[in-house]
Amino acid sequence: PFELSHHVELGQFAQQQGRLHQAEQAYQQVLEIDKKNITALFGLAMLHWERARSTELSDIRKRELKQTQRYLKQLFAIAPEHVQAKRLQQRVDAFER
């Protein structure tokens with residue numbers, strides 16, 4: 001549906017502009033309609049990864065990394081060969097060491 005693609009694009013645009021809260025809301029709206037939307041799942045994984053990397057507070061970093069892993073797990077259940085998600089997973093794994 002058009003509305004779904006509009007929310008996906010809104011999420012991507014907001015994320016590119018650094019408006020992570022707005023991007024998160026748009027992606028969540030997509031997932032309410034389509035729980036298996038790969039673009040929204042990857043967008044949310046990236047969003048939480050960006051938050052994890054940008055904070056100095058370990059509690060927030062841990063929470064954001066957990067969310068990153070959560071969305072990657074959902075994404076891999078649908079698209080196990082998603083190249084960008086595999087790259088992100090490698091970065092997260094290296095970051096957590």
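1. Is W49 buried or exposed? At 3% relative accessibility, W49 is buried (under 20% relative accessible area, with exposed over 50% and partly exposed in between; 1.4 Å probe, protein chains only). The model is predicted, so local features require pLDDT of at least 70 and side-chain atom pairs pLDDT 80 or more, whereas totals for chains, interfaces and linings use all residues. Residues are numbered from 1 along each chain as its sequence is written, and side-chain values use heavy atoms, without hydrogens and water.

2. The count of aromatic pairs is one (Phe, Tyr or six-membered Trp rings with centres within 6.5 Å; planes under 30 degrees apart are stacked, over 60 edge-to-face, the rest tilted). The ring centres of W49 and F95 lie 5.2 Å apart with planes at 85°, so this pair is edge-to-face. It joins helix α3 (residues 38–54), which holds W49, to helix α5 (residues 83–96), which holds F95, across 46 residues; helices are DSSP runs of H or I, at least four residues, numbered from the N terminus. F95 is partly exposed, at 33% relative accessibility.

3. The largest nonpolar core comprises 24 residues, and L31, F42, W49, Y71 and L88 have the most contacts inside it (buried Ala, Val, Leu, Ile, Met, Phe, Trp, Tyr and Cys joined through side-chain atoms within 4.5 Å). Helix α3 gives the most to this core, nine residues.

4. H82 lies in the loop between α4 and α5 and is buried at 16% relative accessibility. Leaving aside neighbours within four places in sequence, H82 is in contact (heavy atoms within 4.5 Å) with I38, F42, L75 and F76.

Key
Helices (H or I, at least four residues) and strands (E, at least two) are DSSP runs, numbered from the N terminus.
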